[in-house]
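Here are my notes for anyone opening this model for the first time. Have it on screen and follow the points in order.

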Amino acid sequence: MKDFLAHLKLRFFWSSFALSIFFTFIVFYSSNPFKTNDKHALFKFPKDDGMGECRLSEGEWVRKPYGESLLAYTNTSCPTMPDWKNCFKHEREDTDFLNWRWKPNECELPRFDPGKFLRIVRGKRMGFIGDSVSRNHVDSLICLLSKEEAPVNIHNDSDDRFPAWHFPNHDFTLLTLWSRYLVAADELVVNGSNSGMFSLNLDKVDDNWARQLPTLDYAIISDGHWFFRPVHIYQNNIKIGCVYCNEPNITNLNMTSAMRMSFRAALRYINDCKECKPLMTILRTFSPAHFENGTWNNGGNCKRTKPLLEFEVESREFNRETSGMQNEEIERARRECSSKKKKFKVMDITMAMAMRADGHPGSHWGNKWMKGINDCLHWCLPGPIDVWNDFLIAHLIS
């Protein structure tokens, strides 16, 4: 009998131990690594929008109901679509990547309403400050707004980096303010040739957007992908660190630290802007690339045709660290803000887009100067990037 009881106790012990391990595993791995307790991430929407309270950044991609169309525009209906984001023109054949919508865990995210958007921004000026992914966002927004009103291109430049559009019926102006790093940056010249290495000056922001800031009512800022190359960072004319340079006696910074310095300098400049009008600044968080089987210049590709599941997302720690940093810097900007005329928000799209490895042009971008190079950084139009404007209008009406 004693042996039998001992045997039962032993079985109970190991059963309890196994269950403990199992539930620990479930709790640990089922939790969203991007979940935030930031009170500002909890949206409170007007009752007539039917959204209640929720965190837009926490959710999943769900397939649209049969027969429901998610396409607000097509590659033939948008007159302003850049050729190199027109994936179907360049022989992309699969269409399933268009059949998914973002579903926040706690609410329904309404689809973008161009009429409502233009009514909200009537008489205003909105500037998108950032790199080519920021421009990608602008291209998506213009395609969506074109369903309501045709824009007039009121400014362009030879490099197509600073175009501006006007919607005359709503007196709304949309500007693209291209910037690699948000702060002032100079490319290093070696033996008379551009080196691809940059020196950043944290004491001065990029004048390409700074001179336009006092004219804006909304500033949508983003950046990040240029930090994947060697960068030397200066403050008060002293080199304080570098990324990917491994120089002796110089602090070697990781990308997130360098990005933090850049965003902090930009947000402080916005806070200190005495000439600015009442201004809402929205920081769009990092948009991950999806190169597989190599890097962008070493055979990397992106051939997936449906969204990743959350556990399939690679570089999860970097994505979490980067979006977390950007949320922290917006919160710092709020604390340091001394004017009620300035507002700061985060549009956190990082986890949602980390799951969309299927939405890039890949080989379908028709770049005759870079044959054999896949674009796994920017986004097809139409495509998953259109959800950014669902997020954007939600920020404007919340």
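1. Let's start with a definition: a disulfide here is a pair of cysteine sulfur atoms within 2.5 Å. A search of the whole structure turns up six disulfides. Counting the bonded cysteines along the chain, they follow the pattern 1-4, 2-5, 3-12, 6-7, 8-9, 10-11.

2. Before going on, some ground rules. This is a predicted model, where local features need pLDDT of at least 70 and side-chain atom pairs count only at pLDDT 80 or more, while totals for chains, interfaces and linings use all residues. Residues are numbered from 1 along each chain as its sequence is written, and side-chain values use heavy atoms, with hydrogens and water left out.

3. Take Cys54 and Cys107, which are joined by a disulfide with an S to S distance of 2.1 Å. This pair links distant parts of the chain, 53 residues apart: Cys54 is in strand E2 (residues 53-54), and Cys107 is in the loop between strand E4 (100-104) and helix H2 (114-120). (Helices, H or I with at least four residues, and strands, E with at least two, are DSSP runs numbered from the N terminus.) Both Cys54 and Cys107 are buried; buried means under 20% relative accessible area, exposed over 50%, and partly exposed in between, using a 1.4 Å probe and protein chains only.

4. Next comes the disulfide of Cys78 and Cys143, at 2.0 Å from S to S. Its two ends are 65 residues apart, with Cys78 in the loop between strand E3 (59-63) and E4, and Cys143 in helix H3 (residues 132-145). The link of Cys78 and Cys143 is left-handed, with -85 degrees about the S-S bond. Cys78 has 5% relative accessibility, so it counts as buried, and Cys143 is buried too, at 1%.

5. Which residue pairs with Cys87 in a disulfide? Look at Cys380: the two sulfur atoms are 2.0 Å apart. The torsion about the S-S bond of Cys87 and Cys380 is about -100 degrees, so this disulfide is left-handed. Cys87 sits in the loop between E3 and E4 and Cys380 in the loop between helix H7 (350-354) and helix H8 (387-397), 293 residues apart. Both Cys87 and Cys380 are buried.

6. Now the rings. Rings of Phe, Tyr and Trp (its six-membered ring) pair if their centres lie within 6.5 Å; planes under 30 degrees apart count as stacked, over 60 as edge-to-face and the rest as tilted. The whole structure holds 15 aromatic pairs. One of them is edge-to-face: Phe198 and Trp226, 5.7 Å centre to centre with 90 degrees between the planes. Phe198 lies in strand E10 (residues 193-205) and Trp226 in the loop between strand E11 (218-221) and strand E12 (231-235), so the pair ties together parts 28 residues apart in sequence. Phe198 is buried at 2% relative accessibility, and Trp226 is buried at 18%.

7. Stay with those two rings. Phe198 and Trp226 belong to one aromatic cluster with Trp178, Tyr181 and Phe227. Arg180 lies over the face of Trp226, 5.0 Å from the ring centre. The criterion is NZ of Lys or CZ of Arg within 6 Å of the ring centre and within 35 degrees of the ring normal. Elsewhere, Arg356 lies over the face of Trp61, at 4.5 Å from the ring centre.

8. Finally, a tryptophan in a loop: Trp296 is found between strand E14 (279-284) and helix H6 (316-336). At 46% relative accessibility, Trp296 counts as partly exposed.
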